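The sequence and the structure are shown first.

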Amino acid sequence: MSDQIASPEKGGLERALVLLQAGRPIAIPTETVYGLGADAANADAVARIYALKERPTFNPLIAHCASIDTAFEQGRATPGAELLASTFWPGPLTLVLDIHPSCTVCSLARSGLDTIAVRVPAHPITANLLKRFGRPIVAPSANPSGRISPTRPEHVAADFGDRIELILDGGPCEAGLESTIIDARGEVPVLLRQGPIPAAEIDAIWPGLKSDMTAPDAPRAPGQLLRHYAPKAALRLNATKAHPDEVLLGFGTVEGDVSLSQSGDLIEAAAKLFDQLRTLDEKTDRIAVAPIPNAGIGAAINDRLNRAAETK
Ligand code: TXA
Ligand code: MG
């Protein structure tokens, strides 16, 4: 489809609004990764997203909202949630809250839970789309369930072909890793998924951060599954040299066949990670990855690499 990837100026925004209104999924850019978006209140549209992604319906979606105020009409604010929202929204942070009595997100998108994940994205194209649409848009990452998230419109086209009518072109994603998820219902914040906002930055705003990211037996968020974000190739981590049958993904002083960042910049590495994993996955069955320092966003990069390297 030649007009599948469209910029908002070239009619993409108007087409996006028509398709959302008609209950048809579209791909939308965010500052983290591309999402597969649908009208959060329309259960048929939401069912199409689960089918497209082959996502288990017990795995709830994130509701994307135009503003802090509209997000807190979906999920019930807590003092901690308000602190984090005023600091990090719009931006790559998702808050899990109790549903508000005025919540319009359909039960299917919430997997029937009485909690809801909400976020106010910063990408200007999707921020504008949300404002124009006037209602929350649920959007999981636009990849088949369990695989690598897309950070460019071409990734979405490669994964779904003509099963998706429109991919709003917002260029390459700035952060490149999915949002940090915090359960903000209690007295202290609970980290459910590492992401572009490091744990230390959350803790500095709302102290007492606890972690709950492994739970392999009863995952609350499938991002918590041991194996997730997986390429088809086998991954070997903390490698300083490639074995003869491997391609090496370098970082800093470890020169690879390609590099996440030659200057050792973790922000650049996060933005490139999924794109380079996808490219290497097409070329080889074995990828070796250089050591990545755990500082700042490095923790989230290592989280994704560890899950991608899991064999079970
Ligand atoms: O950056 C992002 O968050 C991207 C962009 C498109 O916004 N979206 C994204 O969605 O990563 P998804 O569906 O791939 O991951 C959302 C995660 C899932 O692991 C899901 O289980 C969890 O959020 N989640 C959603 N609702 C939840 C809830 N009520 N309680 C706990 N976890 C929840
Ligand atoms: Mg995902």
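In this predicted model, the axes of helices α8 and α9 come within 9 Å of each other and cross at roughly 25°. Because angles under 35 degrees count as roughly parallel, α8 is roughly parallel to α9. The crossing of the two helices, α8 and α9, is left-handed. On the side of α8, the contact is made by L266, A269, A270, L273 and F274, and on the side of α9 by G298, I301, R304 and L305. Sorted by class, the contact of α8 with α9 contains 7 nonpolar, 1 polar and 1 charged residues.

Helix α9 covers residues 298–309, which is 12 residues, and spans 16 Å from its first C-alpha to its last, close to the 16 Å expected at 1.5 Å a residue. Of its 12 residues, 10 are buried, so α9 is largely enclosed by the rest of the structure. Besides α8 (266–283), the buried residues of α9 pack against the strands β10 (190–193), β12 (234–236) and β15 (286–289).

After α6 comes G161, whose phi is positive, near 50°.

| Helix | Residue range | Buried residues |
|---|---|---|
| α9 | residues 298–309 | G298, A299, A300, I301, N302, D303, R304, L305, R307 and A308 |

Key:
Residues are numbered from 1 along each chain as its sequence is written. Chains are lettered from A and ligands numbered from 1 in the order in which they are written. This is a predicted model: local features need pLDDT of at least 70, side-chain atom pairs count only at pLDDT 80 or more; totals for chains, interfaces and linings use all residues. Side-chain values use heavy atoms; hydrogens and water are left out. Helices (H or I, at least four residues) and strands (E, at least two) are DSSP runs, numbered from the N terminus. The expected span of a helix is 1.5 Å times one less than its number of residues. Buried means under 20% relative accessible area, exposed over 50%, partly exposed in between (1.4 Å probe, protein chains only). Contact means heavy atoms within 4.5 Å. Axes are lines fitted to C-alpha atoms, for helices over the stretch in contact, and angles run from 0 to 180 degrees between N-to-C directions. Angles under 35 degrees count as roughly parallel, over 145 as roughly antiparallel, 65 to 115 as roughly perpendicular and the rest as oblique. A crossing is left-handed if the near helix is turned anticlockwise from the far one by less than a right angle, and right-handed if clockwise. Ala, Val, Leu, Ile, Met, Phe, Trp, Tyr, Cys and Pro count as nonpolar, Asp, Glu, Lys and Arg as charged, and the others, Gly among them, as polar.
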